[in-house]
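The sequence and structure come first.

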Amino acid sequence: MRDLRGVCGAAVLLALAPLALPTYGMTLLTEALILGLLAMSLDLMVGYTRLVSFGHAAAYGFGAYASGWLLLHTSLPMLAAIPIAALLAGFIAIGVAWICTQASGVAFSMLTLAFAQLLYAVAYKLTSVTGGSDGLAGIPRRPGPLGLHVFVTRNGFYYLVVIVLVAAFVFCRALVRSPFGAVLRGIRENEAKTVALGYNTRLYKIAIVAMSYGLGALAGALYAPFAGFANTELLFWLLSGQVLIMVIVGGSGTLIGPILGAAFFLTVQHQLSNYTEAWALFFGLIFMAFVMFAPEGIWGLLRARFRRNSVLPEYRSDVAGAR
Amino acid sequence: MPLYAFLVVQSVNALSQAALLFFLGVGLTLIFGIMRIVNFAHGAFYMLGAFIGYSAVRLTGSFWLALALAPLAVGVVGALFEFGILRRLYRRDESAFLMVTFGLALVMTELIRLGWGPEALQVAPPPVFSGIVMLMDEPFPTYRLFLAGAGIVVALAIWQFLERTRLGLLIRATSQNAEMVHALGTDVNLVRSTVFGIGCGLAGVGGVFAAPLVTASIGMSATMIIDAFVIVIIGGMGSFPGSLLGAVLVAFVQVFGEYYLPDLALALMYLIMLAVLVFRPGGLLGKEA
Amino acid sequence: MKQYTGVTRRRVAQLALTGSAGLLLPWVRRGSAAEPIKIGAPLALTGPLGSVGQQLKRGCELWIKTQNSKGGLLGREIKLLLEDTGGNPADAVRKAQEMVERDGCNIFTGITLSSEALAVVPKLDEWNAIFISSDNGDGRLTAESFVPNFFRANISAPMGARAVSLFLRSAEFKNFYAIGMDYAWGRNSVAVFESEMKAAKKNFVGSVFSPIGTKDFSTYITKIRQSGADACFVTMAGDDYNAFLSQAGQYRLPEKVQLLSEVIDLTVPRAVGDAAVGLISSMRYCFRFDNPKNKEFVALWSKEYGTVPDNNEGEQWQALQILAAGVEKAKSTETKGLRDALETVEIDDIKGHVAIRKCDHQAVQSGQVVKLAKAEGFDYPVPQIIATFPGDKTAPACKKMTYED
């Protein structure tokens, strides 16, 4: 199928990256892909269900601290710590989702923010577990099981991230194209109607929030052994806002868009700050320009350009059409 | 210090803090109530008020002039922003406002840093309120009394403005049914610009008042924006009395909570917000969500 | 109308894509190198500690300019690699790594926050790079987080607190309270101070911690007043510190309780004005040091920047002087040779005699306590030195953060 070809093509390109990029470029690319996973996970909520979360940093930070702690204090190999951290997060997120979905609209967003800030406050104080404001440092990439060493090196870890991202992408893609995904889109477009059709939208919302947080935590769980540390910056609301920016700038409701948005965001921020101290200014302006003039994001622009498709979605909503 | 004296002093402290929080929250709630815009840049407008206030004091030597000029300037900036940028987004999803005001916050913070430098700047309180009174045998800054009083005055003024003046009536009507107001011949766009300008101006007032207590600094925006949201959510987004209630509640809980439960100080505010959102998602005085 | 929309979007897309491509150009850059000596400084130029990062930047820039005008180091020009980390440890690590791999840099200085330093330090071995700190005070960097490629030229937080407590041993204050910001540095500093007071047989009557970002200190001021202490140790920094001092001044707290702190720079009295009068603090570098080298430095600085050098500016200068001494001793900038040379390097410079000790790479130097007061020629209170202690009294035992006596 055409889509699978696209996915395979992208995967091959990514696999060849170590041959083309210098080592520090690879480091940036790895981090971009990890953030891409985080952004994509948020897209499930924002783009497909219109649940705008201001607290996604909580998923990222929790995943990072969980896998970091496991790697520092147990002898679990990296390949076990990462999924355990993600699953734990997804599990806890069910409870958080249950509370947050009590409300909707702006109140929902504020609840997610409240939870994230609460987690931030706790992480700051619980120095014995989280290292407080210093965080966890010296997180190792423990090899195994069965002596599997290949993912521990820099390029090896990169391939691990690529594999996880591609797998997550395929999973999300299948999810949003399934009947489950159709219900999500129904909730996004008109929740009242979806309820009238007999669906328990609350359950669907809880499910997608839990999955979204779980995948976000997976990204965080990858980050800890990547960087070797986890700190409270990962939980701060500023990061939540930045992930939201990545989703919107990349193109919400498309899964690929947010990944591009993450890469764009990280690259621009990194390079701009090499040139000028006022990078945040240009950054904010670029972002505002996207919101105003290109709401369907980078992916939407690219698609429009290459397909020369003049039937573009109207400025009816921020969400790029469900394609 | 005997208990009643302690309670009195702490209560006055809390009231002065509530005044600051109220200035910050009332603008945010007005903007949301009338325009359904979540203004992420509200903390940046507050900060702008503090910095313009600083410059106004340096230029004119008068805190009172600064108090009059700075909020006006901030209000104008806000109205211009609404006119130039927000107006294009009304047909869009609510999240567009969130995004664009978030971007504005980044831009404004950086512009302020470029304009005034990264250091914190001192703003002295007006000489007439730079002294102390003995409250329960302990020195108490008159500036805080002034602040508490100013909060009450401004709250009353806004209340009367909304209830008694024509513009206030238009604002209240627009929040309930913008189309009808438009059909009756009023330029709704003008009302919106004015409201946004007034909301930002109120944040600017808060900034000028806060500057003698915390100095004008770049970090102001980030710390205050969360506080602003918490007050407004607790009180009810869009509810003017709600912002007052929220400010008073948060201030009192913080002041007394910090004393008796200092370890929970950071988490306290979020716990209240959570509790309110779970049991009354519209806020204490807001409409049901 | 659709056409108009198309043109707008296409332009935006083109702009974004070409702009992004343009930004990637530096990566296509060359790799030939190392004639100039490169010093990497991933500083927090923006963000909450931006003003500290800016001080470090000025220190680096003037030093390098001055050194280059004298022919550089070992006859080679010195080049500064300066980038903004925003105070974020992840960015600090990323940018430092880029400097190592893209620019072949193996010398770092000026990492602003301790959290950034703690994130970078474990990577120094992998990068084969040396980091000479000018600002990081966290005691652990020369204790449990120590790595051989790390050198600390500046006074550490324990050393600063120690100077204050030595001063207090002979001062008339009897009962002490402490307030700190509620995170690692605040808590550590207060803990060190508490044990010092107990060792000095003074009364430590209590402590309280305020969350970062506290704006209203009225409750804390009440607590300090109620504690019955005649002196209070304040471990704060940045906006919180300014807010606390401003408000404490408004409540006339300093009239009743002497405020003490472990570190101060001139941005604080500039921000709070008269509220800082009477504050006693340890100061890492003070423009008032009375020796020829410092007078020369202060004159040079005033000429270039129009003000006296601040705390971190002087520390950065000293760090680079130590680095230069090490490079000249090793006759190279290659990591192993430089490390060996730095381990036993000594200089006589703006702070007098300073010597790196081999066991934990801490620069042993005298500690000083200052008191802020109004002075001629300044429109804000400035430090007067009221006590000086020799290095061997203020430095802790090797790889330790506490003191025996």
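The buried residues of helix 11 of chain C are C:Asn294, C:Phe297 and C:Trp301. Buried means that 20 or more other C-beta atoms lie within 10 Å of a residue's own, and exposed that 12 or fewer do, with partly exposed in between and C-beta atoms placed from the backbone. Seen down the axis of helix 11 of chain C, the buried residues fall within an arc of 60 degrees, so they line one face of the helix; the arc is that of the directions from the helix axis to the C-beta atoms.

This is a predicted model, in which local features need pLDDT of at least 70, side-chain atom pairs count only at pLDDT 80 or more, and totals for chains, interfaces and linings use all residues. Residues are numbered from 1 along each chain as its sequence is written, and chains are lettered from A and ligands numbered from 1 in the order in which they are written.

Helix 11 of chain C covers residues 292-305. Its 14 residues reach 20 Å from first C-alpha to last, close to the 20 Å expected at 1.5 Å a residue (1.5 Å times one less than the number of residues). Helices (H or I, at least four residues) are DSSP runs, numbered from the N terminus. The face turned away from the buried side carries the exposed residues C:Pro292, C:Glu296, C:Ala299 and C:Lys303. On the buried side, the residues pack against helix 2 (50-69) and helix 12 (311-330) of chain C. Just after helix 11, C:Gly306 takes a positive phi of about 80 degrees.

Chain C is divided into two domains, with bounds from an automatic or database domain assignment. Their C-alpha centres lie 27 Å apart. Two residues are in contact if their C-beta atoms, placed from the backbone, lie within 7 Å.

Between chains, 34 residues of chain A are in contact with 30 residues of chain C. The largest share of the chain A side, seven residues, comes from helix 11 of chain A.

The largest nonpolar core has 359 residues, and B:Met273 and C:Cys232 have the most contacts inside it. Such a core is a set of buried Ala, Val, Leu, Ile, Met, Phe, Trp, Tyr and Cys residues joined through C-beta atoms within 7 Å. Helix 9 (residues 201-227) of chain A gives the most to this core, with 17 residues.

Definitions and conventions
Helices (H or I, at least four residues) and strands (E, at least two) are DSSP runs, numbered from the N terminus.
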